[in-house]
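Student: I would like a close look at a single part of this model, with the cut-offs stated.

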Amino acid sequence: MKKFVVLISGNGSNLQSIIDKQNLGQISGKICGVISNKADAYGLVRAKNEGIPTFVFSRKDYKSNLEMDLAIAEQIERLGAGLIVLAGYMKILTPEFIQRFEGKILNIHPSLLPKYPGLNTYQRAIEAGDSEHGTTIHFVNEEVDAGAVVLQAKVPIYPDDEVEDVMGRVVEQEHQYYPLVVEWFCSGRLVAKEGKAFLDGRELSITGYAEE
């Protein structure tokens with residue numbers, strides 16, 4: 001059984017969705033640790049409630065981002081994790097960390113990449129007059145929100161929508177599809193090679209496995 005870690009900074013709702021699917025037997029891997037860069041992240045409580053080991057790495061305790069990432073990397077390797085799942089981890093990883101775990105880091109981003117990398121994606125989509133928004137699950141490379149796309153799920157934006165309306169639809173999709181992609185990786189169906197994503201031996205398109 002493949003072991004994986006989940007990195008968080010906050011509430012951990014995507015972490016909870018992965019825990020729930022694991023408990024239902026829908027993920028063949030096992031969460032071996034939850035790591036946070038925030039000691040007060042509620043996701044740590046979620047993990048502890050399930051008996052999952054938790055670890056906190058605070059930036060103030062390290063001389064540099066690199067020193068902190070190296071400490072996290074060593075903890076991940078001690079746990080024997082073969083996959084790193086970023087679930088609302090609000091810290092940019094150093095190139096050295098990404099290179100160390102190349103092809104083994106997944107992230108979820110609340111937009112239809114390459115549109116709206118970075119923050120405030122819901123507001124930006126509404127202000128642009130977009131008719132749809134969504135979420136992207138992708139492998140991580142050294143460029144922010146730019147690794148090979150695995151899956152995208154779209155939701156509508158209606159003329160009278162507020163940010164919370166769109167966010168609610170997107171989060172619902174995230175909770176459905178992030179555990180699925182984690183299972184694809186854990187079962188060996190999903191792999192990354194030379195910066196590209198492959199599912200069942202077939203290279204995925206630049207928009208990944210698209211779900212409407």
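Is H109 buried or exposed, and at what relative accessibility?

Tutor: This is a predicted model, in which local features need pLDDT of at least 70, side-chain atom pairs count only at pLDDT 80 or more, and totals for chains, interfaces and linings use all residues. Residues are numbered from 1 along each chain as its sequence is written, and side-chain values use heavy atoms, with hydrogens and water left out.

H109 counts as buried, at 4% relative accessibility (buried means under 20% relative accessible area, exposed over 50%, partly exposed in between, with a 1.4 Å probe and protein chains only). H109 is placed in strand β5, which spans 105-109 (strands are DSSP runs of E, at least two residues, and helices are runs of H or I, at least four, numbered from the N terminus). The side chains of H109 and D145 are joined by a polar contact of 3.4 Å (a pair of N or O atoms within 3.5 Å; within protein, one must be able to donate a hydrogen and the other to accept it, and residues adjacent in sequence count only if both atoms are side-chain atoms). Not counting residues up to four places away in sequence, H109 touches D145 and also, among others, Y116, T135, H138 and E174 (contact means heavy atoms within 4.5 Å).

Strand β5 also gives two or more residues to the lining of the largest pocket, as do α1 (13-23), α4 (95-100), α5 (121-127) and α6 (163-186). A pocket here is an open set of points on a 1 Å grid over the protein atoms alone, where a 1.4 Å probe fits, with protein on both sides within 12 Å along at least five of seven lines; lining residues have an atom within 4 Å of a point. The lining has 37 residues, and G88, Y89, M90, N107 and I108 lie nearest the pocket centre.

For "binding site", the unreviewed UniProt entry lists G12, S13 and N14 (annotations may be inferred rather than shown by experiment). The lining of the largest pocket includes G12, S13 and N14. G12 sits in the loop between β1 (3-8) and α1 and is buried, with a relative accessible area of 10%. S13 lies in helix α1 and is partly exposed at 24% relative accessibility. Leaving aside neighbours within four places in sequence, G12 is in contact with G43 and R46, and S13 with R46 and H175.
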